[in-house]
Amino acid sequence: MPTSDFETAAPTATPAGDTRPPPVAGTNGGRPGLGAHDGASFTASLADDREVWMEGERVDVTTHPDFQPMLRTLAGLYDRQRSPELGREMTYRSETSGHPVSLSYLPPRTPEELDRKWLNSRHWVEGSHGQISRIPDFMANVAVGLHDFRHALGEVDPEFAENAGRYYLHCRENDLALTHGLGDPQVDRSVTPVQRPELGLRVVHRDDSGIVVRGAKQIATLAPYAHDVLIYLSPANYLREDPAYVCWFGARLDTPGLRILCRRSYHGQPHTLGSRFDEQDAMLVFDDAFIPRDRVFLLADAGTAVKGFHALNRWSLYTGQIRLHHRLRVMLGVASLLAKSIGVDRFREVGALLGELASYVSVVDLALKSITRDATRTKSGLLAPGTTAALDSVAGHFSERASAIVRRIGASGLIMQPAEGDLRAPDLRTALDLYMGGRDTSVEDKSRMFRLAGDLVIDRFGMRQELYEAWNRGDPARVRSALYTTFPDLPGCEAAARVLADLLEHP
Ligand SMILES: Cc1cc2nc3c(=O)[nH]c(=O)nc-3n(C[C@H](O)[C@H](O)[C@H](O)COP(=O)(O)OP(=O)(O)OC[C@H]3O[C@@H](n4cnc5c(N)ncnc54)[C@H](O)[C@@H]3O)c2cc1C
């Protein structure tokens, strides 16, 4: 067995341990490795040998100007979790190290612990205004899922269970930000990787020290800002004819042979959402990258990979819906303030659009409450929320309608607004006040609200968010048809239809 590059504290039966608030709030002095990060320790922890590419250049994310705004945004979020105000609601005391660790990593065993987790998620979501889809809270919850699923992994090979347990502890104790890459590169969907091996990530060598993997993964959001990538399979491609393609592992993002190819940056224009919240999306290319044996969680067993996909995502999908809820709340707020600022809020058609948007906010809220009430115990004894399948299948639609409603209400105002420079130009003041202000609204307030709306629903930042909402849970057609085929009340629905059909026999 090779020596591990992560600490090998033995996994315990009750890793949640002492979940009282940590003994001290406050920062960890900018030093990584002392439990929950603050902003300085998070930023310092990204200084490694990762190979990040953007626009044909190899870049250092800790210094490249396009990455600085998002880095500052993330640092601000990590500062919140170590702040005197929120530290006690976002961290708990690790039973292995005594350090405060992130509540995102808490494996919940009681309804109270589940509630504490969701409160922590809300702090992450509100701190990022619902605009960062892959706040680190999301993937930390996938790591909780991996930890929970380790018993099933152990049935394939006891070593996989040990690895998953140790890896979870490593992530928690070091407050790792994770990304994940599930899908194959989008080259030719009409053939399988077995027909064209370069189209799927596969194990090309295995020995006592670990595995060597070759291939690529599309897409890994947050990758340039993350510490590790968790590789597992999406249901779209689990049924591999060749077991070499079934591999789950956790790789450091500075693994030699791993390249992070970023899309072009949305940073550039000041006073835009893209300049603050560009979490980045990347293609991950593995050129014979070596993965140490103790970072491998599953090999070759497609059946376990199928079961595992859902098990791993039980907590993260719920936190994703908490984020969607907040994002829809922001959209409703924006739509309402746009309508009020130009005096159209009292028109019945506009009111109906605003009401439609309010109904989406309300439905997601109601569903979140009911899903957490439906929590069930997993085989390993954790408390997991009920299924988000129905919400997952409508989330893209709700989001698309929310954007369409903002576009419908904002109309030409979404493009015709004075910029910050115009607002500061004395020569333009009279014209701006006369022709670009709003009803009971200053030209400054109106223009900022409309420009925010433009960022959300017509600019590339907003369009990317829209794409994310539609696709991040996988192909929406697959998500919906899976909901239909597993719908628990389907026999009841069909029975009700038959009862009614039988009435036709007896007019
Ligand atoms: C902004 C954004 C961020 C993302 N972040 C992440 C991330 O962090 N991690 C991650 O793992 N994934 C991420 N994803 C990827 C997401 O999981 C995929 O978009 C999704 O699984 C669909 O795959 P695809 O985009 O390759 O589309 P494709 O599979 O190429 O589909 C293209 C079109 O072909 C259709 N199609 C494809 N195959 C079939 C078929 N067999 N039968 C019928 N129709 C078919 C699809 O319905 C679709 O209309 C992200 C996606 C987006 C847009």
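Which residue stands opposite Val296 in E12? I looked this up and noted that Phe249 stands opposite Val296 in E12, with strands taken as DSSP runs of E of at least two residues and helices as runs of H or I of at least four, each numbered from the N terminus.

Before going further I recorded that this is a predicted model, in which local features need pLDDT of at least 70 and side-chain atom pairs count only at pLDDT 80 or more, while totals for chains, interfaces and linings use all residues. Residues are numbered from 1 along each chain as its sequence is written.

Next I followed the sheet. Strand E9 (residues 247-252) and E12 pair in the antiparallel sense over three bridges, where pairing requires that DSSP finds at least two bridges between two strands. I found four strands in an open sheet of mixed pairing, ordered E5-E8-E9-E12, with E5 (178-181) and E12 (296-299) as the edge strands, each pairing on one side only.

H5 lies across E5, E8 (228-231) and E12, at about 75 degrees to E5; angles run from 0 to 180 degrees between N-to-C directions, with axes fitted to C-alpha atoms, for helices over the stretch in contact. Helix H7 (residues 158-174) lies across E5, E9 and E12, at about 145 degrees to E12.

Last, I noted domain 1 (39-308) and domain 2 (313-494), whose bounds come from an automatic or database domain assignment. In the contacts between them, 31 residues of domain 1 meet 28 residues of domain 2.

Definitions and conventions:
Contact = placed C-beta atoms within 7 Å.
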